[in-house]
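Visitor: I am new to this structure. Please show me how to read it.
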Amino acid sequence: MNEPILSIKNAVKRYGSVNALDGVNLDVAEGEFLTLLGPSGSGKTTLLSAIAGFITLDEGRLALRSTDITGKPPEHRDFGMVFQGYALFPTMTVRENVGFPLKIRKRPAAEIKKRVGEALEMVQMSAFADRMPSQLSGGQQQRIALARAMSFDPQILLLDEPLSALDKKLRADLQWELKDLHQKLGVTFIYVTHDQDEALSMSDRIVILKDGAIQQEGGPNALYDQPRNRFVADFLGKSNFLEAAVLSASGTSCQCESEGAVFDLTTQEPCRQGETITLALRPERLRLGLPGEEFVPATVKQVSYLGERCQVMVTRKSGEEFLISRPTWKTDIIPTPGLEVSIGWDADAPVVLAPLNQE
Ligand code: ADP
Ligand code: MG
């Protein structure tokens, strides 16, 4: 990474016995779309609030382009913000709302007019300039909040679950628009969501948080393909888990045994004969066959039809379940509850997870 626009060093924030941030180190690259992803209570809002300057860290430092801003008040950080509970001012028109950050920065009236016009155009809301927020739909209000956050050319845009209150279709539309906007403006986005699909589809880079600590970070593809631990494998997309014993190993090729089934495995790191490993298997990487066709016998438990895909829950002989995701277009086996089947996968389909004590 070139010089990061924002650098977070050992950020710690405690609330009583809760470590809301447990020593977070993170560099944000200029112009990137960075997403903080994690379940509720993982510290996303706390981290974003610390970046914004709304809360003071117990430990750690923040630097903007190498200049320390740890103690700087929010209004001097020049970050655009779309936060929950940071709603539009209900007694101001759309135009006044969008112009507000410029007004408090004492910009000349002509400049305010010009920038408000541009910001409204950017979110395609020019026609609504004289409305009151109460006369707008939820999606329109979010667009205005975005325009307000961008009107003063912020260095960084901070967005805390800006789309979470919207229905699915509108959310998807605005996801595309946000991505477009990011591309057009080239501004650094730090985006918070608990929605893995949103994170995967929008981000240049995703940081996965749990209990105030970073679990893993990387591009959507890399994170999805190579989750490091069980938490990441299960939180970003779905995963099946399987314990396996390594029967023999030669470099990154080995033969494994699990529940009586023997199969080949290709790994990233070399395995050792005799060790027990945990495998994560993506549902779409599993094959479904008739009994005997594949190497793990199972029974179909439940089938869920999702349009372009169908999800099949099967029970292995051990009683453990596997979730399989299959395209619905031109597939041979039509799974129904109670059907005896067999499950298989390619040698390079599973990911070997870090042992629990190394997570
Ligand atoms: P997220 O945004 O990922 O849902 P938060 O950053 O809001 O998570 O919260 C992280 C943890 O810190 C949670 O356990 C939450 O209950 C706690 N927390 C956050 N803010 C406060 C606060 N003002 N007082 C006490 N506990 C807080
Ligand atoms: Mg939150």
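Visitor: Is the crossing in which helix 2 passes helix 4 left-handed or right-handed?

Guide: A crossing is left-handed if the near helix is turned anticlockwise from the far one by less than a right angle, and right-handed if clockwise. Here helix 2 passes helix 4 in a right-handed crossing. Helices (H or I, at least four residues) and strands (E, at least two) are DSSP runs, numbered from the N terminus. Now the ground rules. This is a predicted model, where local features need pLDDT of at least 70 and side-chain atom pairs count only at pLDDT 80 or more, while totals for chains, interfaces and linings use all residues. Residues are numbered from 1 along each chain as its sequence is written, chains are lettered from A and ligands numbered from 1 in the order in which they are written, and side-chain values use heavy atoms, with hydrogens and water left out.

Visitor: How are two packed helices described?

Guide: By the angle between their axes and the distance between the axes. Axes are lines fitted to C-alpha atoms, for helices over the stretch in contact, and angles run from 0 to 180 degrees between N-to-C directions. The axes of helix 2 and helix 4 cross at roughly 30 degrees and come within 7 Å. Helix 2 is therefore roughly parallel to helix 4. Angles under 35 degrees count as roughly parallel, over 145 as roughly antiparallel, 65 to 115 as roughly perpendicular and the rest as oblique.

Visitor: At what angle do helix 2 and helix 3 pack?

Guide: At about 125 degrees, with axes 9 Å apart. Helix 2 (residues 94–104) and helix 3 (residues 109–122) are therefore oblique to each other. Their crossing is right-handed.

Visitor: Which residues are around ligand 1?

Guide: A residue is near a molecule if one of its heavy atoms lies within 4 Å of it. Around ligand 1 are Y15, V18, A20, P39, S40, G41, S42, G43, K44, T45 and T46. Helix 1 gives the largest share of this shell, three residues.

Visitor: Which polar side-chain atom lies 2.8 Å from an oxygen atom of ligand 1?

Guide: A polar contact is a pair of N or O atoms within 3.5 Å. One such side-chain atom belongs to K44, at 2.8 Å from a ligand 1 oxygen. A polar side-chain atom of T45 also lies 2.8 Å from an oxygen atom of ligand 1. At G43, a polar backbone atom is 3.0 Å from a ligand 1 oxygen.

Key:
A polar contact is a pair of N or O atoms within 3.5 Å; within protein, one must be able to donate a hydrogen and the other to accept it, and residues adjacent in sequence count only if both atoms are side-chain atoms.
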